[in-house]
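Work through the exercises below with the structure in view. Try each task before you read its solution.

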Amino acid sequence: MASTTLICDTEPWKDLKAHVEDLKNTHLRDLMNDKERCQSMMVEFDGMLLDYSRQRATLETMDKLYKLAEFQAASLKQQINRMYSGEHINSTENRSVLHVALRAPRDAVIYSDGKNVVPDVWNVLDKIKAFSEKVRSGSWVGATGKPLKDVIAIGIGGSFLGPLFVHTALQTDPEAAEFAKERQLRFLANVDPIDVARNIAGLNPETTLVVVVSKTFTTAETMLNARTLREWISSALGPSAVAKHMVAVSTNLTLVEKFGIDTNNAFAFWDWVGGRYSVCSAVGVLPLSLQYGFPIIEKFLKGASSIDQHFCSAPFENNIPVLLGLLSVWNVSFLGYPARAILPYSQALEKFAPHIQQVSMESNGKGVSIDGVPLPYEAGEIDFGEPGTNGQHSFYQLIHQGRVIPCDFIGIVKSQQPVYLKGEVVSNHDELMSNFFAQPDALAYGKTAEQLLKENVPQHLIPHKTFSGNRPSLSLLLPSLNAYNIGQLLASYEHRIAVEGFVWGINSFDQWGVELGKSLATQVRKQLHASRTKGDPVEGFNFSTTTLLTRYLEASSDIPADPPTILPRI
């Protein structure tokens, strides 16, 4: 059990609070002149290079952060070991936290409740491999005998954002794209019928396979979407076609069978896998293997496993996820920066920031300690981001001259799709990477009034063109962006978030905050049904909600209580 001592009451925390004063008059311009400091703030592992020299931190800062992590109230190394050994560190739900087991080698031994779970993981992976090969080879066909070339994966939250990120990143990888030729993978998440319409647009039910992802098979949005696509298939091919065109990722075989899906085509995952950490389970591996083939996705799992092993074995000063996590704690809780921008300089990573936004903000968006004590300090970050250079023409203005927002710059050495135009000064990728290298320095150094005067900038424009600098960032450079590298990147951020939670003393693995809205939506759903079928007035809500609901019902009164089934069309 974690210590009941709040981390803010410890001497290392107080020491860091005092240390902030020491840095107030220190500018990144000066820190970047210290070659020894910069050199010591570069860490390389398995082809990845982390440069955190543009953080507002000295070598002394880092030593103090290591001491904080090692202190009994944080016990970072012990907490990492507890996670990997299957202890129930998710204490509010009494569960292990073992997403590392999802990508562990076949001969690894990882226990949960006294059982080695790795064989179970590989049983599912082997089943996915066999099934995806049948579908891709055409030996598994649809109800009319046609091969299934198109896949729609239905899920929401962690059952959607992670797999979508990996799919988007792989789409333009030459090796993965070759295996995905003439195949389509789409993701249906929003219960909004517009999302259904967009997903089925241009698809033929005869050649479509639907993967329904819901652990309990009761998630309201997912199951309504599943019923909608079941109707789409049934109305075109007959009810018996469902068994050939729909499969499930779930643990509730009773409801899977009741829905009409053959339980032999249900792929398991476990309660020691949180939804937002489940992309390496059947949740992501099944649809991704159907699109790209299991061998490609196995490389993704191996990349994640490489970081898993690094995280649990490397000393703190050379441990990329630990360094990322400690620097986030420093920025949030000591320097007072509430947000973080994730800025990948690769269009293939356009869905990375939305995925990490969920993993981070659902994990660490907590106001109490793991023992239920209200936190007297800030924890968690507001994550957002956009690929460069698009973001530069969007929100970088605020980052350069408005609020201070620590930035993660993610660069790729070798482009997935290189272009070289004759007569251009640099290639397209070099142009992109020129911005990747320039932006962190622009944030760190800024531009002074004196420099502007030397450039003969008119006096009245100097305040507008001055950049204060001293704005922290870090740079992460990957050798390429193939399946293996994508796995590395994902695992690095997953473990970074765990490090933050361990140090802050919160439970990064539950998400009670999403439950309240769900329960209130159930009350509204009942009211809408009663009002539409029986004409019942809106009751039991506050004045504002009553007014809005009444207006909605009045304005949509032409919708019958039991309308005929009309599938969306584009």
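Predicted model: local features only at pLDDT ≥ 70, side-chain atom pairs only at ≥ 80, totals over all residues.

**Exercise 1.** Find how the axes of helix α14 and helix α15 cross.

Solution. 
- Locate the helices: α14 covers residues 294–313, and α15 covers residues 320–334.
- Look at their axes. They come within 7 Å and cross at roughly 70 degrees.
- Classify the angle. Angles from 65 to 115 degrees count as roughly perpendicular, so α14 is roughly perpendicular to α15.
- List the residues that meet. Ile307, His310 and Phe311 belong to α14; Ile320, Pro321 and Val322 belong to α15.
- Sort the contact by class: 5 nonpolar residues, 1 polar and no charged.

**Exercise 2.** Check the span of α15, then decide how enclosed this helix is.

Solution. 
- Take the 15 residues of α15.
- Now check burial. Of the 15 residues of α15, 15 are buried, so the helix is largely enclosed by the rest of the structure.
- Step just past the helix. Gly336 takes a positive phi of about 80 degrees there.

**Exercise 3.** Examine the salt bridge of Arg103 with Asp308.

Solution. 
- Start with the idea. Side chains of opposite charge can pair when their charged atoms come close.
- Check the distance. The closest N and O atoms of Arg103 and Asp308 are 2.7 Å apart. The cut-off is 4 Å.
- Arg103 lies in the loop between α5 and β3, and Asp308 in helix α14, so the pair ties together parts 205 residues apart in sequence.
- Arg103 has 3%, so it is buried. Asp308 has 4% and also counts as buried.

**Exercise 4.** Are Lys146 and Glu206 buried or partly exposed?

Solution. 
- Find the bridge. The closest N and O atoms of Lys146 and Glu206 are 3.3 Å apart.
- Read the areas. Lys146 has 36% and is partly exposed. Glu206 has 18% and is buried.

**Exercise 5.** Which residues are linked with Glu500 in a network of salt bridges?

Solution. 
- Begin with one bridge. Glu500 pairs with Arg340, with closest N and O atoms 3.7 Å apart.
- Glu500 is in helix α21 and Arg340 in strand β10, 160 residues apart.
- Check burial. Glu500 is at 0% relative accessibility and counts as buried. Arg340, at 2%, counts as buried too.
- Arg340, Glu381 and Asp383 are linked with Glu500.

Note on methods:
Residues numbered from 1 in each chain as written. Heavy atoms only, no water. Axes fitted to C-alpha atoms, helices over the stretch in contact; angles between N-to-C directions. Helix = DSSP H or I, 4+ residues; strand = E, 2+ residues; numbered from the N terminus. Parallel < 35°, antiparallel > 145°, perpendicular 65-115°, else oblique. Contact = heavy atoms within 4.5 Å. Nonpolar A, V, L, I, M, F, W, Y, C, P; charged D, E, K, R; others polar. Expected span 1.5 Å × (residues − 1). Buried < 20%, exposed > 50% of the residue type's maximum accessible area, 1.4 Å probe, protein only. Salt bridge = Lys/Arg side-chain N within 4 Å of Asp/Glu carboxyl O.
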